[in-house]
Amino acid sequence: RILIMTFKVILKAQYDYEAAADDEISFSENDLLGVIGDDGDDEWYFGCNVSDPSITGFIPKTYCEEVT
């Protein structure tokens, strides 16, 4: 079984983040995160850790920067 996802943006985590709610994802500094959507929210992206795209959730924008 192969999962193919298209991301709007790829982010690099600048800090570790431990999910504070069930709809958020945890990640570690330097993890690559794929953005699926942000719905115009100023504080959160919706996406996944590229290493495990089967788990999706909200990602705080202040913990990441766009990979160029």
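Modeller: Because the model is predicted, local features need pLDDT of at least 70 and side-chain atom pairs count only at pLDDT 80 or more, while totals for chains, interfaces and linings use all residues. Residues are numbered from 1 along each chain as its sequence is written, and side-chain values use heavy atoms, without hydrogens and water.

Colleague: What makes β4 and β5 the edge strands?

Modeller: Strands are DSSP runs of E with at least two residues, numbered from the N terminus, and two of them pair if DSSP finds at least two bridges between them. The open sheet has the order β4-β3-β2-β1-β5 with antiparallel pairing, and β4 (52-60) and β5 (64-66) each pair on one side only.

Colleague: How do you know that β1 and β5 pair?

Modeller: Strand β1 (residues 9-13) and β5 share three bridges in the antiparallel sense, and the definition asks for at least two, so they count as paired. In β5, Glu66 is the bridge partner of Leu11.

Colleague: Why is the set that includes Leu11 and Cys64 called a nonpolar core?

Modeller: The term requires buried Ala, Val, Leu, Ile, Met, Phe, Trp, Tyr and Cys residues joined through side-chain atoms within 4.5 Å, where buried means under 20% relative accessible area with a 1.4 Å probe, protein chains only. The largest such core has 10 residues, among them Leu11, Ala13, Val35, Tyr45 and Cys64, and the elements giving two or more residues to this core are β1 and β2 (32-37).

Definitions and conventions. Helices (H or I, at least four residues) and strands (E, at least two) are DSSP runs, numbered from the N terminus. Buried means under 20% relative accessible area, exposed over 50%, partly exposed in between (1.4 Å probe, protein chains only).
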